[in-house]
Amino acid sequence: MVLSTQAKVVEILSPQELRRTANRLASQIVEKTPIISRLALIGIYTRGVPLAHMLAHQIEVLEGVSPEVGALDITFYRDDLDRIGLRTPVKTYIPFDLTGKTVVLVDDVIYKGRTIRAALNAVNEYGRPESIRLAVLVDRGHREVPIHPDFVGKQLPTAKDEIVKVFLQEIDGRDGVELIGD
């Protein structure tokens, strides 16, 4: 979607609301994870990575246990490279075996579900987790594949031509979520 100068921008989450939402997500993950010491958070590039670190920090505050955190680049697992073009892949960083762990994939926005499908394929190269769950900051609907997040910060029904933009301090210099449309 090409943004016109007339594009309407609506703040969905302020910086404070984003932090509260992340804290709630961390609490939900703790509640649904039987053995926190076997928890691994895997952030999907780009904004899923700092979100995974944010969640790990909050889980450590809540439980006194710091979950392992990794970063996953799904570039070569995508089924739409012909449409989006090959991008320079970011290096995946998962310095631990996922076998027997409860893995929580972390992403900023879930839309069609194709990114998560690719992430599920990629995770298999790093071991055989006991279970894989999905945490997203924003679920905007419109799935094309049967994937549903286990932990959702904000349900946000959108039109297909709208854009949900997540801003994180570590990448963008500010925190927040905006909805951009006409």
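## A tour of the fold

Starting at the N terminus, the elements of the protein chain follow one another as β-α-β-α-β-α-β-α-β-β-β-α-β, which amounts to 5 helices and 8 strands; helices (H or I, at least four residues) and strands (E, at least two) are DSSP runs, numbered from the N terminus. This is a predicted model, in which local features need pLDDT of at least 70 and side-chain atom pairs count only at pLDDT 80 or more, while totals for chains, interfaces and linings use all residues. Residues are numbered from 1 along each chain as its sequence is written, and side-chain values use heavy atoms, with hydrogens and water left out.

Stop 1: Select the 5 strands that form an open sheet in the order 3-2-4-5-6, with parallel pairing; two strands pair if DSSP finds at least two bridges between them. At the edges are strand 3 (68–72) and strand 6 (151–155), each of which pairs on one side only. From one strand to the next, the twist averages 20°.

**Stop 2: inside the sheet.** Now select strand 4 (residues 102–110) and strand 5 (residues 131–139), which run parallel and are joined by 8 bridges. Where does Val-104 find its bridge partner in strand 5? The partner is Arg-133.

Stop 3: Axes here are lines fitted to C-alpha atoms, for helices over the stretch in contact, and angles run from 0 to 180 degrees between N-to-C directions.

**Stop 4: helix 1 against helix 2.** Select helix 1 (residues 15–32) and helix 2 (residues 48–63), whose axes come within 9 Å and cross at roughly 60°. The contact (heavy atoms within 4.5 Å) involves, among others, Leu-18, Ala-22 and Leu-25 of helix 1 and Met-54, Leu-55 and Ile-59 of helix 2. By class, this contact has 10 nonpolar, 3 polar and 2 charged residues, where Ala, Val, Leu, Ile, Met, Phe, Trp, Tyr, Cys and Pro count as nonpolar, Asp, Glu, Lys and Arg as charged, and the others, Gly among them, as polar.

**Last stop: the whole chain.** Zoom out to the C-alpha trace of the protein chain, which spans about 50 × 40 × 30 Å along its principal axes.
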